[in-house]
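Keep the sequence and the 3D view open side by side as you read.

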Amino acid sequence: MPDDTIAAIATARGRAALAVVRTSGPEAIDVVNRCFRGADLDEAESHTAHVGFVENAEGDDIDQVVATVFRAPNSATGENIVEVSCHGGDLAPKMVLQSLLDHGARMAEPGEFTERAFLNGKMDLAQAEAVADLIHATSTKAHEASLTHLKGRYSDLLEDLREELLNLCSLVELEIDFSDEDVEFADRERLENLLDETEEILGDLLDTYPTGEKLKDGVRVVIGGRPNAGKSTLLNALVGHDRAIVSETPGTTRDEIEAEAEIEGVLFRFVDTAGLRDTADEIEAEGVRRATESIEEADVLLYLYDLTVGLDSEEIDFLDDLSGDDSTVQPFLLGNKADAAPDHPVAELDGLSALKLSALHARDDADELQPLLDRLTDTVAEHLSRAEASPVVMNQRHRQHLQDALDAVRQAREALDMGVSGDMLTLDLRAALQELGAITGEITNEDVLDQIFSRFCIGK
Ligand SMILES: Nc1nc2c(ncn2[C@@H]2O[C@H](COP(=O)(O)OP(=O)(O)OP(=O)(O)O)[C@@H](O)[C@H]2O)c(=O)[nH]1
Ligand SMILES: [Mg+2]
């Protein structure tokens with residue numbers, strides 16, 4: 001357990017009405033009291049706020065502030081905390097922090113407040129990670145999902161699983177203890193059922209990872225097609241500002257251009273690419289190579305073509321391949337420039353969802369874009385309903401531990417089928433328990449903690 005007192009600015013830099021400087025640790029109240037003029041904080045009760053002035057080391061007033069006192073263990077970190085609300089801007093928070101450091105606090109490391117909350121049992125590791133996710137969330141749905149974790153629903157689920165496994169362990173151990181008597185067959189079926197159940201729950205949880213990943217990192221939508229199809233025009237319409245250069249010269253876009261937009265609470269990352277064609281221009285050719293690579297890594301491909309020009313056979317072959325079963329990219333065919341080709345129907349290709357639109361008009365006419373937006377949200381509808389029904393795994397570290405736990409449970413199941421002895425079985429079950437414990441932090445080590453908390457900002 002740490003025994004020193006840390007301090008940091010908890011709010012973002014820049015001009016603002018207020019900023020908060022936090023300090024936590026056994027001496028937090030003393031530290032602030034030494035440079036605070038207005039009330040004797042040593043006498044202050046927990047959860048009380050006090051107006052006064054903070055002084056610097058020379059005894060000069062720095063700022064008028066409100067100091068809120070939280071006494072251990074009823075605070076966010078479980079230690080004594082004082083939150084000093086001072087005026088915002090570049091200077092006041094820094095000077096207040098400096099004064100706290102001059103009066104006995106130490107500068108906090110990134111995530112150190114949350115780490116202390118974890119060490120004091122205020123939250124488990126999965127919840128602490130949810131704090132980081134919440135801070136980094138860039139869409140409403142990602143925010144909601146992190147909040148579910150923070151509230152502990154996910155941790156409860158893991159706790160239930162751990163209990164199930166512990167149950168299993170004790171069943172098996174019972175069998176070892178009484179191996180001379182004939183209890184093995186009495187409990188064998190129950191053991192099998194419990195193992196199957198655990199395997200299923202772990203499998204279901206792991207299946208939510210693609211959903212978690214989409215909520216957290218966004219859906220990658222690549223806009224591809226021939227030069228001049230109107231890709232950059234569409235990107236600009238989708239994100240609502242002139243992000244990419246549009247011109248009637250084919251081969252305008254070379255570098256990939258990324259821009260984000262939130263649609264129905266979900267983050268979409270749109271990528272505009274170079275028009276696909278054979279070209280002698282070295283720079284453009286590099287752009288085409290990157291575009292092809294990008295399309296392969298997309299969640300969704302918006303394949304755009306000019307209705308007045310039509311699709312050529314090479315494009316049709318390319319799209320055929322993409323809509324095949326083993327492709328992970330979901331393609332949509334968009335016939336663009338509908339305004340210039342009102343009588344041209346959009347091409348129909350097997351298994352490919354197609355839409356006609358005018359990217360040019362979409363910029364100023366929301367109705368023009370709506371059918372496309374609806375299809376985009378449809379691609380994540382399943383993920384969203386899943387996220388509403390149960391907590392989703394959003395974290396690569398958790399996924400790895402869950403996978404290892406699942407492997408261990410499967411091994412136990414096999415061992416049981418092969419009639420392996422009980423003590424071998426418990427080895428597998430204990431391994432699974434260990435993996436689940438690593439997620440919530442019941443079993444952990446300093447390196448893991450350092451790695452997790454260093455992702456936080458200072459002051460959190
Ligand atoms: N009439 C009409 N013109 C459009 C539409 N969309 C794009 N254009 C025009 O088509 C030309 C090419 O548009 P861009 O958006 O630059 O096309 P691109 O696919 O990004 O082209 P490259 O970057 O060269 O691959 C421009 O002159 C646009 O104004 C549309 O819906 N209707
Ligand atoms: Mg372009």
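Helices here are DSSP runs of H or I with at least four residues, numbered from the N terminus. One thing to keep in mind as you look around: this is a predicted model.

With that definition in hand, find S294, which sits in helix 10, the stretch covering residues 282-296. Is S294 buried or exposed? Buried means under 20% relative accessible area. S294 has a relative accessible area of 3%, so it counts as buried. Its side chain also has a partner: a polar contact of 3.0 Å links S294 with the side chain of E256. Skip the residues up to four places away in sequence, and S294 touches R220, V222, E256, V271 and T273.

Now on to the ligand. How many residues surround ligand 1? There are 22 of them, and the closest are K231, T233, G251, T252 and D339.

| Residue | Atom on the residue | Atom on ligand 1 | Distance |
|---|---|---|---|
| A229 | backbone N or O | oxygen | 3.2 Å |
| K231 | polar side-chain atom | oxygen | 2.8 Å |
| D339 | polar side-chain atom | nitrogen | 2.7 Å |

On its own, ligand 1 has 650 Å² of accessible area, and the protein covers 89% of that. The space that ligand 1 takes up is the largest pocket. Which elements give two or more residues to the shell around ligand 1? They are helix 9 (231-239) and helix 12 (359-362). Helix 9 gives the most, with 3 residues.

Next, head over to T198 in helix 7, which spans residues 184-207. T198 has a relative accessible area of 0%, and that is why it counts as buried. What is T198 in contact with, leaving aside its neighbours within four places in sequence? The list is L161, E164, L165, L168 and V409. Take L168 from that list: it is 30 residues from T198 in sequence, while the two C-alpha atoms are 9.8 Å apart in space.

Helix 8, residues 209-217, is another place to look for buried residues: Y209, T211, G212, K214 and L215 are buried there.

Last stop: A341, which lies in a loop between strand 12 (330-336) and strand 13 (353-356). Its relative accessibility is 1%, so A341 counts as buried even though it is in a loop. Neighbours within four places in sequence aside, A341 is in contact with L307, T308 and K356. For a sense of distance, pick out L436 as well: A341 and L436 are 95 residues apart in sequence, and their C-alpha atoms are 59 Å apart in space.

Methods:
Residues are numbered from 1 along each chain as its sequence is written. Chains are lettered from A and ligands numbered from 1 in the order in which they are written. This is a predicted model: local features need pLDDT of at least 70, side-chain atom pairs count only at pLDDT 80 or more; totals for chains, interfaces and linings use all residues. Side-chain values use heavy atoms; hydrogens and water are left out. Buried means under 20% relative accessible area, exposed over 50%, partly exposed in between (1.4 Å probe, protein chains only). Contact means heavy atoms within 4.5 Å. A residue is near a molecule or strand if one of its heavy atoms lies within 4 Å of it. A polar contact is a pair of N or O atoms within 3.5 Å; within protein, one must be able to donate a hydrogen and the other to accept it, and residues adjacent in sequence count only if both atoms are side-chain atoms. Accessible areas come from the Shrake-Rupley method with a 1.4 Å probe; for residues, only the protein chains shown count as cover. On a 1 Å grid over the protein atoms alone, a cavity is a set of points where a 1.4 Å probe fits but cannot get out, and a pocket is an open set with protein on both sides within 12 Å along at least five of seven lines; lining residues have an atom within 4 Å of a point. A molecule sits in a cavity or pocket if more than half of its atoms lie within 2 Å of its grid points.
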